[in-house]
There are 2 protein chains.
Amino acid sequence: MSSVHLQSIKSFHVGGGDRRVQGLPVFTREVAAGGGTRVLDMNGTYSVGQLYASAYRLAAARWRCPVLLWHGGGMTGAQWESTPDGRTGWLWRLLGAGFDVVVSDGPERGRASFAMASQPGAGEPVFRSREEAWDVFRIGPPGGYHPDAAQRRAFAGQQFPHEDFDGFSRQFVPRWLGHDAIALDAYEALLERVGPAIVVGHSQGGGYATQLAQRRPDLVRAVVAIEPTGVPAHCTQPVAAPHLLLWGDHFAESALWTRYRQQTEQYWGLLAQQGPGAQTLDLPTRQIRGNSHFCMADRNSDAIADLVATWLAGQGLTL
Amino acid sequence: MSSVHLQSIKSFHVGGGDRRVQGLPVFTREVAAGGGTRVLDMNGTYSVGQLYASAYRLAAARWRCPVLLWHGGGMTGAQWESTPDGRTGWLWRLLGAGFDVVVSDGPERGRASFAMASQPGAGEPVFRSREEAWDVFRIGPPGGYHPDAAQRRAFAGQQFPHEDFDGFSRQFVPRWLGHDAIALDAYEALLERVGPAIVVGHSQGGGYATQLAQRRPDLVRAVVAIEPTGVPAHCTQPVAAPHLLLWGDHFAESALWTRYRQQTEQYWGLLAQQGPGAQTLDLPTRQIRGNSHFCMADRNSDAIADLVATWLAGQGLTL
């Protein structure tokens, strides 16, 4: 599309709480280059566990429900803004489709900031190497990454623009394992702030979307879960919001994803027992082949976004 | 202004380099909730030192030079997007004034990500408490912050929306001291990517703008330095780009800022010896009183942005 007419761009932080730090040694350092030393006392009060969101409001939205874009593990909202090969991302595509869009960074990722290691429960984060990402994102066969691009092995027909994989890896951020409760609370606070919404979640963010559809049926009006992980084990209550599950390609080549997929499909089976709202879009069975774990980054990202927008248009989401 | 017509929103990472990590122990953990454990091997190849930028391109820009917004120390690009009391920020105001705008997160801040502590030079970051920020940002007299809002002391007539100070503190991110060389290289890479630009830099980011105006006179067409720190000690070469220096209020109450201001004004004196391009906008002498260190967050933020836009309009920046 050629242009987008916006009424406002704003960002905000929501969720989390206060933490008091004490007992740290006070020290003296130069902070501003050439400005001399000063005393640094890190004891005091901090915000922790908050989430960052940027909200794009259209001058004339066609839909009353905004779309919330929730990133995957070890990522930030940047994954929705552009593709690794420099095209506009799903943020732009969904604005063009007439949705207000909110892009967020979950707690401890990107602009959400993170707590110091001395704070309770903070501990050390894990970092994702390019080697791991190449495998886990199903760019190519296990061990297919090589620092020398000429020696890399990608799946034939790979839709991910893997020539730009190293640039893509600049998006990776550390994450703290086992902090799902912190994240879920902050995403719930986001929903409370924004109001009833469509949640498009990727991977870990897709799992959070399914969790919060159960916890806050008043606020989650639809879920698009792109290769989600960490979905609920049970339906603790009837789930009314329509759920679309989206799968890319090359699951047979990944033992990890075969396992994760089983877990997710088990939950979709439970959802399906409740009614027609649980649907699956398996791209290869639609003859759309070669998609990685990041369909929003793949060469056919706009086409996939359009499939999602079309599905949403069929869900009667007039709020 | 009522609305903004955009041609595109994109984001990207630039600068930095590759790092290889080895010798770390491999371990087994649950990553996706309920998905079982898997082996985590953090040894491998990483991107480090990169910068994140989001680029807003107008459908019909009135100026050929984009404005780059560079945040202060311990902050991210979020400081330009909204004010603490929920109004639109300078990003929106400058788009409305007809400039394309690029908002960035410097290396190791926000969406730029950061390197693991085991990597050379990474070390530990410093964190800014609300207590320190209240003093250093000149919201009130030293020691004026109290966790109980009713017991806080702000300067009379304070323009910063200090009722929202705790929410504002959610923006704070850790930073690594002494990493100016990493930051300058990444901001230079940003300039190379974007092309000739106006740089509006705040605090540490204002210092980086003055440094890069010397290093890359081909790419920095104008500098607006808002209470900058870390300016150069000397002019190593003639500086042609016009420079606007902007000061808020309440310097007399801060020994730290009195010192930082002296350092900056010494450099502005050197610039002024070279021609008429070095100018100063001291808000209190214009009868604009009560501004904090964050005029882009203050209640009169739009009025200050308009002063900056008006100054830029007078600099003949047709590129």
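**Entry 1: helix H7 of chain B**

The expected span of a helix is 1.5 Å times one less than its number of residues. I kept that in mind while opening this predicted model. I looked up helix H7 of chain B, which runs over residues 301–313 and has 13 residues. From its first C-alpha to its last, H7(B) reaches 18 Å, close to the expected 18 Å.

Next I asked myself: which residues of H7(B) are buried? I noted B:Ser301, B:Ile304, B:Ala305, B:Val308, B:Ala309, B:Trp311 and B:Leu312. Looking down the helix axis, I found these buried residues within an arc of 160°, so they line one face of H7(B). A handy reminder for me: an α-helix has 3.6 residues a turn, so residues three or four places apart point the same way.

I then checked what that buried set packs against in chain B. My list holds helix H1 (90–96) and the strands S7 (67–70), S9 (197–202), S10 (220–226), S11 (243–247) and S12 (278–282).

**Entry 2: where chain B meets chain A**

I turned to the contact, which takes 86 residues from chain B and 86 residues from chain A. The area buried between them is about 6,800 Å², and carbon and sulfur atoms give 50% of that. On the chain B side, I saw that B:Arg111, B:Phe127 and B:Arg170 lose the most area to chain A, together 12% of what that side buries.

How many salt bridges are there between chain B and chain A? I counted eight. I also looked at B:Arg111 again, and its side chain meets that of A:Asp105 in a salt bridge, at 2.8 Å from N to O. Strand S1 of chain B (residues 4–14) gives the largest share of the side touching chain A, with 10 residues.

Note on methods. Residues numbered from 1 in each chain as written. Chains lettered and ligands numbered in written order. Predicted model: local features only at pLDDT ≥ 70, side-chain atom pairs only at ≥ 80, totals over all residues. Heavy atoms only, no water. Helix = DSSP H or I, 4+ residues; strand = E, 2+ residues; numbered from the N terminus. Buried < 20%, exposed > 50% of the residue type's maximum accessible area, 1.4 Å probe, protein only. Arc of directions from axis to C-beta. Contact = heavy atoms within 4.5 Å. Buried area = accessible area lost by both parts, 1.4 Å probe. Salt bridge = Lys/Arg side-chain N within 4 Å of Asp/Glu carboxyl O.
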